[in-house]
Amino acid sequence: MATEDLVTQESDQKTEIDRAVIRFAGDSGDGMQVAGTRFTDASAAFGNDLATLPSFPAEIRAPAGTLPGVSSFQVQIADFDILTAGDEPDTLVAMNPAALRNNLDDLKRGGTLIVNSDAFEERNLAKAGYDHNPLEGDAVKGFRVIEVPMEQLTKGAVKDSGVSGRDVLRSKNFLAIGLLTWLYNRPTEPTIEWAEKKFATRPEVAAANVMAFKAGYNFGITTEATKTTVEIRPATLPSGTYTNVTGNTALSWGLVAAARQAKLPLFYGSYPITPASDVLHELSKHKNFGVTTFQAEDEIAAVGSAIGAAFAGNLAVTGSSGPGIALKSEGISLAFQAELPLLILNVQRAGPSTGMPTKPEQSDLLFALFGRHGESPLPVIAAASPSDAFEVAIEAARLALKYMTPVILLSDNHIANGSEPWMLPDIDELPDISVPFATKENSDHGFMPYMRDIETFSRPWAIPGTPGLEHRLGGLEKEAITGNVSYDPENHQLMTDSRAWKVVNISHDIAPVEVDDPDGDGDLLLLGWGSTYGSIRAATRDLRKDGRKVAHAHLRHVNPFPANLGAVLGAYERILIPELNTGQLRKLIRADFLVDAKGLNRVAGVPFKTSEITETAIAMLER
Amino acid sequence: MTTTDYTRADFQTDQEVRWCPGCGDYTVLASVQNFMAGLGVPREKIVVISGIGCAARFPYYMNTYGMHSIHGRAPAVASGISITRPDLSVWVVTGDGDALSIGGNHLIHSLRRNLNFKILLFNNQIYGLTKGQYSPTSEQGKQTKSTPFGSPDHPFNPVSLALGAEATFVARTLDMDRKHTTGILEAAYEHQGSALIEIYQNCNVFNDKAFIELTGKDTRDHNRINLVDGEPVKFGPEGERAVILEEGTAKIVDTSAVDPGRILVHDAGNDDPSVAFAISRLSHGPYGPTPLGIFRRVSRPTYESTVRDQITAATEAKGEGDLAALIRSHGTWDV
């Protein structure tokens, strides 16, 4: 199918701007995630920088038309390198009254509101709690409202496609994409090609989607409602090859890369849980990389299988979210005691308990550090953005293998499902993280499984199948060197200290924390970790534009801290730590460094708005 | 040393065995060490994984690779080893509390998956390590430290449970009968896939003589129903009792009272587990006539072989993984 039937005339007025925030909102059955992703990919292909924020209801299909059933996808596109999905949408697409009600408060004053007017009938209005049609009242005053009879238009557009009945209206999200593609002068080819490829086995569905897409595009051209379109030029990013990647995908690819760089087969034991399941899905596709995925019967079996796989000589990984990590806690302690290399992924979500599974939060930091019985410190490392998850996976594997220890890798819902352009690394430049297995006896008295390396304090990794190195691991305290069971008081002290020292010592083997402080004289340090990176970075920029002297440091390693962190903190009079929790990093920083760090803490199930951080920073600076 | 030169001593460690004197675990340990010495498998290829409990100390006394893991999770740990290392011979040692209470989930799932490791379930019908609470195989009404008025729980029959999970190899043996135990171990090793071996094991401290009906000189011949593949199921000193199948239920009758053609001929290879299940229901515990031997031995692809086949097929179809291509697989653009 070609695009010649698209009228390619220039719109009458084209406004050039540097960035825009677009939010698609509709019922969870309306295909809003697809709409957002298609629009995003078209923008990526066009060369814009971008950042996305999908938002799902927890229910797969809440009753149609209701407020809990609303799903949305926000993307910011820009001609410069942006860092967040934006604070407030410039354009909101609302597919029904419930979507309007849930999202209208966020729309920027003067912004564009595109509504599916067909959905604004009595029943849907009542389901959304409206006693009148908001499109006819004051609620939408101050916005540029474009009412589009999307259902009628879709029905008309797809009548020759071969789809019929209830399936007809499934294409209305493509009508919306088409209209937005016109409005923002996006290329049409990526969306058409995607639809044709995705539905190759159901050509009638492909045809209907393409027809609806074109109808939406053409509606833009012909509608009297607006003649103004928006142009956002490609961003001037560093030169290289880019792809648009979500955090869960980057994390999965990072694990595949880590196994390659470690020269080990990858084993992933997991149990389905939102929002970590996509890592299991992605890895299960890549069996030709020697990847073994195991969907275990429960979270405990998932970590247990990974412990077995680690003992057997794999790069062993288990992944989950907060509730599942809680179940794995005893197993992680076993891996710690056995001193086996194991990666534990925690794709955090809002808690406690089932909490808000589809919403981001950073509230498992202290749990990652301390959520085990006994003295069991572990390295903890956090991804800062979707693409960063790739590198962080390799770094976590490096530490686990080199130091023979479980490592916890923190991501969250925002990173996992959000996406950003990623300049692809040169595969040949990835670090070699391989560690040789023990192959021969390491003492005159035979193999000593707890004989430590003098530098790393790690013990040798002897895998089953190696003649002469037969040994037994286990949860009971081990005698130093021999690994025999020991209840000796001094030995327990020594082993506890050795295990702790091994982890503390890692602080000298990780990159120092970098401080972004151009003149080195900031009045305030913004310190963060994890997915707040984009918000804090954007706030830092805004504050500097406002003439404020602020510095930003972001921690990848949260346990142990980089060796230079104390010196960095000591250089600033004011320290602000924004976190999507009630102050967990702040507690650690205050406890470890005795500095009067302040917190900006919010647990609303959404990332920080840049303005929330700038306002708090300004208040601190002016105090 | 070649594998054929092994003696039991090659499978012993320098660690002092610390079970209570008189514990049935000693006998099983000796049986397993002797069996492995004669197996012809190099020591380094054998892995013994345990959970928590008295029996779980087992790996420390086996000069092979091993892990004393956490309570109930041995099958999970063994899964990760067995799936990724089909070259190894993996054995799980567990107890009635470990396998059937805290670890019940892992047990049934490893059996239904037909994971290729062998599970030795030491059933002493009591919690020994924690000093004498009732277990999931203790008889209802049993008075213990935690049930001074008698246990309210209906017990599991581990063989019935394993058959319900469609385990491909299910057997029962007795700690004291080393010859019988060894025969079962050999058959389990030969079997491709999961094997559950329930070993009645006497805890002489907290539940002594639990199996006296099957071990006592005066009672054993009357109560041991030895299952022999292809043979009619008869027992008693003179074979005077027999098992028949009536409307799907196994029943004990006097041999003389039935037509010999009605006596059940044991068929461990029957794909349908129903008859084996019916046989397992002849006893609710070792309190009277109790079947011993191999209840079921059927062939089904192992989980490991299916997983390996998928990896091989994917690699043949797509070629060895190319990381540079993978990270470009979602479409790229150049700046």
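Author: Let's start with a definition: buried area is the accessible area (1.4 Å probe) that two parts lose on being put together, summed over both. One caution about this predicted model: local features need pLDDT of at least 70 and side-chain atom pairs pLDDT 80 or more, while totals for chains, interfaces and linings use all residues. Residues are numbered from 1 along each chain as written, chains are lettered from A in the order written, and side-chain values use heavy atoms, without hydrogens or water.

Reader: What is the area buried between chain B and chain A?

Author: About 5,100 Å², with carbon and sulfur atoms giving 63% of that area. On the chain B side, Tyr65(B), Ile327(B) and Trp333(B) lose the most area to chain A, together 17% of what that side buries.

Reader: How many residues does the contact take from each chain?

Author: Contact means heavy atoms within 4.5 Å. Here chain A gives 68 residues and chain B gives 56.

Reader: Which element gives the largest share of the side of chain B that touches chain A?

Author: Elements are DSSP runs numbered from the N terminus: helices are H or I of at least four residues, strands are E of at least two. In this case, helix 10 of chain B gives the largest share, 8 residues.

Reader: Which strands form the open sheet, and in what order?

Author: In general, two strands pair if DSSP finds at least two bridges between them. Here 3 strands form an open sheet with antiparallel pairing, in the order 16(A)-9(A)-12(B). Strand 16 (419-423) of chain A and strand 12 (333-334) of chain B are the edge strands, each pairing on one side only. Strand 9 (residues 241-246) of chain A is joined to strand 16 of chain A by 5 bridges; Val245(A), for example, has Glu420(A) as its bridge partner.

Reader: Which strand of chain B do the bridges from strand 17 of chain A reach?

Author: Strand 17 (residues 472-474) of chain A is joined by 3 bridges to strand 2 of chain B, and the two run parallel. There, Leu473(A) has Met67(B) as its bridge partner.
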